[in-house]
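Here are some quick notes for when you have the model open. Have a look at the picture first, then go through the points below.

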Amino acid sequence: MSSRTPSRIIAIAAIGSLGALLAGCTSVDPGMGEALKYDMVAQTVNPEPVYASTGARAGSSGDHAALATERYRKGTIKELKVESSTSTSSSGSGSSGK
């Protein structure tokens, strides 16, 4: 009789089948993660912003912010001009409740 017993052959076949099943579970989708990338791009307001010459810029040294803070502490800042972008008007279309 050979050294291959029926139980050993069954064990080898089971291991081979298990390997084939596990190989089927791997993700091979090349578009995996595209939804996340799309959402990140959609939430970027302006990928190449144009900054004012006197405004703060990405990577600036903080001098501009320090000067603005000093003006705020001294009270030499300009007051904001509040403007409304909508007009409010009342119409008599409501019920009187009688």
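1. Surface first. The chain exposes about 9,700 Å², and carbon and sulfur atoms supply 59% of that area. These areas come from the Shrake-Rupley method with a 1.4 Å probe, and for residues only the protein chains shown count as cover.

2. What you're looking at is a predicted model: local features need pLDDT of at least 70, side-chain atom pairs count only at pLDDT 80 or more, and totals for chains, interfaces and linings use all residues. Residues are numbered from 1 along each chain as its sequence is written, and side-chain values use heavy atoms, with hydrogens and water left out.

3. How confident is the predictor? The average pLDDT (the predictor's confidence in each residue, from 0 to 100) is 76 for the chain, and 73% of the residues score at least 70. Confidence is lowest in helix 1 (residues 6-23), with a mean of 82, and highest in helix 3, at 85.

4. The fold is quick to describe: 3 helices and 0 strands, running α-α-α from the N terminus on. Both kinds of element are DSSP runs numbered from the N terminus, helices being H or I with at least four residues and strands being E with at least two.

5. What share of the chain is buried? Of the 98 residues, 0% are. Buried here means under 20% relative accessible area, exposed means over 50%, and partly exposed lies in between (1.4 Å probe, protein chains only).

6. Helix 3 (residues 63-74) passes a simple length check. Its 12 residues should span 16 Å at 1.5 Å a residue, where the expected span is 1.5 Å times one less than the number of residues. The end C-alpha atoms sit 17 Å apart, which agrees. Just after this helix, Gly-75 takes a positive phi of about 80°.

7. Now the charges. Side chains of opposite charge can pair when their charged atoms come close. Taking a salt bridge as a side-chain nitrogen of Lys or Arg within 4 Å of a carboxyl oxygen of Asp or Glu, the count is 2.

8. One of them joins Lys-37 and Glu-34, at 3.6 Å from N to O. The two residues are 3 apart in helix 2 (residues 34-42), so about one helical turn separates them. Lys-37 is partly exposed at 48% relative accessibility, and Glu-34 is partly exposed too, at 41%.

9. Another links Lys-81 with Glu-83, whose closest N and O atoms are 3.5 Å apart. Lys-81 is exposed at 71% relative accessible area, and Glu-83 is exposed at 61%.
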